[in-house]
Amino acid sequence: MTPFLSDEGFTPSGGSSRGEQGTLTEEKIDAIGEKLTRKKSFGHAILAPVTSQTTKAASGGLSEEQSAQGRVKGHVYWRYIEAASKAGFFLFVFMVVLQQAFQILSTFALKYWSEGNRESGENKSAVKYLWAYGLLSLSSSILNCTGSILILVFCSLKSSKHLHDAVRCLHLYL
């Protein structure tokens, strides 16, 4: 008999107390039965029965999805912006606009480079245009990364803190 099925434990020396372990009493059998019943209740998951909506969808094709139309009011967006930090949000928008401006300027640098090559018939100032295009493209990439990090780290952490504090206050009132 294993020591795990009995109510007695091990002695500190590592051996088990064998005095009463060899006899099975009705109490021990009931305790073992109860433990096995509890263990069985933690078995595998059982699928839920199929509902009538699912059977309708399976028999008659796809079920029609319910949809609603409407508009989200401006104050709802403003509450999201306040939760995420107004300064952080507007700094993010500024970074996105600046990043797009640098991207457009890098495209203009390529345009002026090609026009200069067409007019002169050769590629005299390639280094100058490569530097301009490279710096503008690098600036655009850096601004894109900075804006992403700003919205991800600063604004999301601020809104998470705001949500946490709101839930904590709600918990205190309950």
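**Buried, exposed and in between**

Me: Where is Ile149 found?
Reply: This is a predicted model. In it, Ile149 is found in helix 5.

Me: Why is Ile149 called exposed?
Reply: Its relative accessibility is 53%. Exposed means over 50%, so Ile149 counts as exposed.

Me: What makes the nonpolar surface patch?
Reply: Ile149 is one of its residues.

Me: Why does Ser140 count as buried?
Reply: Ser140 also has its place in helix 5, residues 126-173. Its relative accessibility is 2%. Buried means under 20%, so Ser140 counts as buried.

Me: What does Ser140 touch, not counting residues up to four places away in sequence?
Reply: Ser140 touches Gln99, Phe102 and Gln103.

Me: Why is Cys155 called buried?
Reply: Its relative accessible area is 2%. The cut-off for buried is under 20%, so Cys155 is buried.

Me: And why is Cys145 called partly exposed?
Reply: Cys145 has a relative accessible area of 48%. Buried is under 20% and exposed is over 50%. The value of 48% falls in between, so Cys145 is partly exposed.

Me: How many disulfides are there?
Reply: The count comes to zero, with a disulfide taken as a pair of cysteine sulfur atoms within 2.5 Å.

Me: How do you know that the buried residues of helix 3 line one face?
Reply: Those buried residues are Ile81, Ala83 and Ala84. Seen down the axis of helix 3, they fall within an arc of 165°, so they line one face. The face turned away from that buried side carries exposed Gly74, His75 and Arg79.

Definitions and conventions. Residues are numbered from 1 along each chain as its sequence is written. This is a predicted model: local features need pLDDT of at least 70, side-chain atom pairs count only at pLDDT 80 or more; totals for chains, interfaces and linings use all residues. Side-chain values use heavy atoms; hydrogens and water are left out. Helices (H or I, at least four residues) and strands (E, at least two) are DSSP runs, numbered from the N terminus. Buried means under 20% relative accessible area, exposed over 50%, partly exposed in between (1.4 Å probe, protein chains only). Contact means heavy atoms within 4.5 Å. Patches are made of residues with over 30% relative accessible area and no salt bridge: like charges are joined within 9 Å, nonpolar side chains (Val, Leu, Ile, Met, Phe, Trp, Tyr) within 5 Å. Accessible areas come from the Shrake-Rupley method with a 1.4 Å probe; for residues, only the protein chains shown count as cover. A salt bridge is a side-chain nitrogen of Lys or Arg within 4 Å of a carboxyl oxygen of Asp or Glu. The arc is that of the directions from the helix axis to the C-beta atoms.
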